[in-house]
Amino acid sequence: MHAPLKDKTIALGVTGGIAAYKSVELLRLLTKAGARVRVIMTANAEWFVGPGTFQALSGLPVCTSVFEAGDASIRHIDWAKETDLAVIAPATANTIGKLANGIADDALTTFMLAVTAPVVICPAMNTNMYEHPAVQRNLDILQGYGHHIVEPDAGSLACGTVGPGRLATPENILEELAAVLTPKDLKGRTVLLTAGPTREAIDPVRFVSNPSSGKMGFALARAAVRRGARVILVAGPVDLPDPLHAEVHRVASAAEMAACVQAHAAEAGLVIKTAAVADYRPVQTAEHKIKKTEDRLSVEFERTIDILKTLGQQKTDRVLVGFAAETQQLRDNARKKLEAKNLDMIVANRIGEAGSGFEADTNKVTLLYRDGREERLPVMAKDALAHELLNRIAPLRSGT
Ligand code: CTP
């Protein structure tokens, strides 16, 4: 499920907005994701980007008119039949208006009437145009047809206005397209995830932490959103953007993470704790920066709350999944944690090994289940691993 665009035939409609140049980047991302992309342009789009650019990057002919010279077949009908997903980016107010009203007066709008695959519309226009009741009504109509609308970003636009209307980023559009093609096996479920490290303050400018990057937890959040879950992500300090459509809470210390998890746990039927929570924190946080007046400095530490263990003690029908980062006796230590924290599954990974652990983009894990089963997975990119984990976590039932 992690590569839903691979080998899919995508129709990319490009209409005449200044953001048309961004559809070149979207095309590049789509082909990189393994999709075969056919581009259909309106006449106004050609004013911004030439068909040659799209043709060179897609490796396929670009459709610009309903009746193309020397083309005996009815291309828009043939293409419509073979399309797995159609996206229009950017979609102008004019094209949105035509689609909402069934008008087919060029190659793109004609094609769109014939297509039966899922449709994604990415509006981009001046803020006043976007907010005009006619455009909003037309977008509502398209939504009513079951089309997906990717809302534009707010920001300063090429026309000098500041407000919503800027085309969503190609990366976010790609994520939306992947989501449309992913089966929604987590629909109706709420997943609470934690990710990243925590920081325990020694003084206002110093803290104790660990190198967890949060990549595994964020990959799981993106994967769960794609699969239809409501996702609540409690993240320690990490340098990663909010996953689309997740409810993200940024925290710093173990105590803040514990409070945030406790506040949201009741909403979640599934909790996955990838965070590398500090086990100890300084007993006292100095109010002011500690000056280097002494040769030696001792800081006394006390235990933090074990967030997962607390959830395990309160366990109801909530499924609990933990992570165990170990440098030795991986399986034995992980099994002990699974039992001590009353978990349904634990994902054990050896840290300090190449291609696995905290900062890597890949991970190699062993899964241990409550019923004694174990499963070793090969080294995988964290995005792919996230889906492999969800494939196994989704059917788990709480073993209270
Ligand atoms: N965990 C937690 N709260 C803590 C410490 C850990 O919720 N204060 C969770 C982690 O998010 C992880 C699991 O418990 O899912 C195991 O974390 P790990 O750091 O591997 O183990 P610890 O229980 O801290 O044990 P140790 O440090 O002794 O290995």
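1. Opposite strand S19, alanine 348 faces threonine 366. The two belong to a pairing of strand S17 (residues 345–350) with S19, antiparallel and spanning five bridges; strands are DSSP runs (E, at least two residues), helices likewise (H or I, at least four), numbered from the N terminus, and two strands pair if DSSP finds at least two bridges between them.

2. On the basis of the note: this is a predicted model, in which local features need pLDDT of at least 70 and side-chain atom pairs count only at pLDDT 80 or more, while totals for chains, interfaces and linings use all residues. Residues are numbered from 1 along each chain as its sequence is written, and side-chain values use heavy atoms, with hydrogens and water left out.

3. S19 also pairs with strand S20 (residues 374–376), again in the antiparallel sense, over three bridges. Here leucine 368 has glutamate 374 as its bridge partner. Four residues separate the strands of this hairpin, and glycine 372 adopts a positive phi near 100°.

4. Strand S19 (residues 365–369) is largely enclosed by the rest of the structure, because five of its five residues are buried (under 20% relative accessible area with a 1.4 Å probe, protein chains only; exposed is over 50%, partly exposed in between). Val365, Leu367 and Tyr369 point one way, whereas Thr366 and Leu368 point the other way.

5. The largest nonpolar core has 39 residues, and Leu220, Ile272, Met345 and Leu389 have the most contacts inside it. Such a core is a set of buried Ala, Val, Leu, Ile, Met, Phe, Trp, Tyr and Cys residues joined through side-chain atoms within 4.5 Å. Among the elements giving two or more residues to this core are S17, S19, helix H10 (215–226) and helix H14 (382–393). H10 gives the most, with eight residues.

6. Leaving aside neighbours within four places in sequence, leucine 220 is in contact (heavy atoms within 4.5 Å) with residues including Leu193, Ile272, Phe323 and Leu389. Apart from this core lies another, of 33 residues, among them Leu27, Leu30, Leu85 and Val150.

7. The axes of helix H5 (residues 93–100) and helix H6 (residues 107–114) come within 10 Å and cross at roughly 35°; axes are lines fitted to C-alpha atoms over the stretch in contact, with angles from 0 to 180 degrees between N-to-C directions. Thr95, Lys98 and Leu99 of H5 make the contact with Leu108, Thr109 and Met112 of H6.
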